[in-house]
Amino acid sequence: MVLPLLWMLTTALKTSFEAQQAPPVLFPHHWQWQNFKTAWQAAPFTRYLWNSLLVAFLVTISQLVISTLAAYAFARLQFYGKRVLFILCLTTLLIPGEMLLIPNFVTITQLHWFDTYRGLVLPPLANFFSVLLLKQAFESIPTAIYQAARLDGAGDLRCLLSVGLPLVRPTLVTVGLLQIIASWNAFMWPLVATNSEQYRTLPVGLQSFTAEAGTQYQLLMAASTLAMIPLILVYLSGQRYLIQGLSRTGLKG
Amino acid sequence: MKQQPTLRGSLKAYLYLLPLLTALGLFTFYPMVKTLLMSLYTRYDFLTDHVSQIGWANFQFIWHDPDFHLALKNTVVFALWVVPLATILAMGCALLLARNPWFNRLLRTIYFLPFVTSTVAISLVWNWLFQTDYGLINAMRVWLGQTRIAWLSDPHYAMVALISLVLWKSLGVNILVMLVGISRIDQRLYQVAILDEASPHQRFWHLTLPLLKPTIALVILMTTIASFKLFNEVFVLFQGSPGPGKSTLTVVFYLYDKFYVAYQYGIAAAASVVLFVILLTLTALQWWVRQGAWHD
């Protein structure tokens, strides 16, 4: 299971000569820690990392705000056209992202958002899945709690902020984690939405690095390792929420 | 006590919904319509946004394009291999893990890890593993007395390489879903079965398997839909090409190629409409199966 990852690590620590041995050398003689530094400096990885961080951060925060507001509205507020709107939004889950690729590309180009942060961050915000998860979470809070707050004179917004939010915190974390992972690993959209090195995210940058690194596999493996580290850290710290959240979606509709 | 909607209440609610609806409207509904329209543009100048001709020619082109047929065939072949393999592997692992919850918790970090790793980074690692001369996989073959295989440049084996990569990456998630399904089975049923002196073999075939059917169906459909959307792994594993001799050209890759490389927007749009119809059918199946699951 972890064999590929282990192999990646050991290769990253080999010299260029050791990496290209046939049959392959299993363990490097001396651990070439400087490979990590060389790989990092061979392409503007710092820029790529910063872009990935920025995009992931912006998308996740915005997503959480947008989804929480919408989920609360669907869960707790009464309004005209609620059911129709909900079903309409559900249909967006059926649409594959790949289908939206082309027109979104055309849209951001016409708005002059191509190769900008706006073009990278805004389109992925159109996501109803998080709203669904949060709506479920809001609905699982007993009505009595909300009514108690209302009796104390809280308006809708206050109810959301003081009562709803703290109680759905685990779901918020799950949604946040899922979004961070999705943004960080997104490949197709950043590939299409950016052109210059300046705005590339890590996955796209890593891929373009392979063209430059050629057969320097030890550098490639070092770069791959580095690319994985941030997300692995996130994963290790948020594992519990992630798996719980995913288990729940596997069950329900 | 349910309140009735009021005008004031509705306006307030729509204010809450405004950001979501703006995002969805701009980047989902509008593009959806635009794609459908674009699939009918037979002459489109992107730079001036001028449509000179419309018609069904794009769809006709796809219908006759051998590349599209190849893409469809490859995608279907891929799905036919991956779906059963992924499901059976996941089920097997999940059943084993379900017996030892302690062991499961220990391994969970590991088997779920591929889910969070970047597809690009992982595909690069597998590219490295499958290298003809320096790859670990060929090294093991040689060690076992077999010949080397040119995984990434031989059209016959490229698909195998791709399938291995995808199976490895998706195993963790599928195991998780299976485990959830297994946990829903009432343990008392097993106790009764044991009292009735049912063999493990019988317990599996007559108790576990039927009760897991909705979960199995779910994994099958999740994997199928994901198979049809395959792009990242192909792009990185074969470094931007659709595999040796286009042997791993998938539908989405065809879409990407026509759109970003050949600038044939109309044709790409038409291809995405076809993809959408296929996915819609599969997803409708998925919902229908879920309905069946609730009745259990």
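This is a short walk through a predicted model, one selection at a time.

**Stop 1: chain A.** Start by selecting chain A on its own. Of the 253 residues in chain A, 47% count as buried. Now look at the contacts in chain A between residues at least 6 apart in sequence: 76% of them join residues at least 24 apart.

**Stop 2: where the chains meet.** Bring chain B back into view. Chain B puts 64 residues into the contact, and chain A puts in 64 residues as well. Color the chain B side by element and you'll pick out several helices that give two or more residues, among them α4 (101-116), α7 (155-183) and α12 (265-295) of chain B. Which helix gives the largest share of that side? Select α1(B), which supplies 18 residues; this helix covers residues 7-38. Coloring by class instead, the side of chain B that touches chain A shows 45 nonpolar, 14 polar and five charged residues.

Stop 3: Show the side chains: Pro203(A), Leu206(A), Gln207(A) and Thr210(A) make the contact from α13(A), while Val120(B), Ala121(B) and Leu124(B) make it from α5(B). That set divides into five nonpolar, two polar and no charged residues.

**Stop 4: the core.** Next, head for the largest nonpolar core, with 151 residues. Good ones to click are Ala70(A), Ile175(B), Ala271(B) and Leu275(B), which have the most contacts inside this core. Helix α4 of chain A, residues 45-76, gives the largest share, 13 residues. Domain 1 (7-57) and domain 2 (66-295) of chain B both give residues to the core, so it lies between them.

Zoom in on Ala70(A). What is Ala70(A) in contact with, leaving aside its neighbours within four places in sequence? You'll find Val131(A) from its own chain, plus Tyr16(B), Leu17(B) and Leu20(B).

Stop 5: Finish with residues 187-195 of chain B, helix α8. Is this helix well covered or hardly covered? Hardly covered: among its nine residues, the count of buried ones is zero. After α8(B) comes Glu197(B), with a positive phi near 60°.

Methods:
Residues are numbered from 1 along each chain as its sequence is written. Chains are lettered from A and ligands numbered from 1 in the order in which they are written. This is a predicted model: local features need pLDDT of at least 70, side-chain atom pairs count only at pLDDT 80 or more; totals for chains, interfaces and linings use all residues. A residue is buried if 20 or more other C-beta atoms lie within 10 Å of its own, exposed if 12 or fewer, and partly exposed in between; C-beta atoms are placed from the backbone. Two residues are in contact if their C-beta atoms, placed from the backbone, lie within 7 Å. Helices (H or I, at least four residues) and strands (E, at least two) are DSSP runs, numbered from the N terminus. Ala, Val, Leu, Ile, Met, Phe, Trp, Tyr, Cys and Pro count as nonpolar, Asp, Glu, Lys and Arg as charged, and the others, Gly among them, as polar. A nonpolar core is a set of buried Ala, Val, Leu, Ile, Met, Phe, Trp, Tyr and Cys residues joined through C-beta atoms within 7 Å. Domain bounds come from an automatic or database domain assignment.
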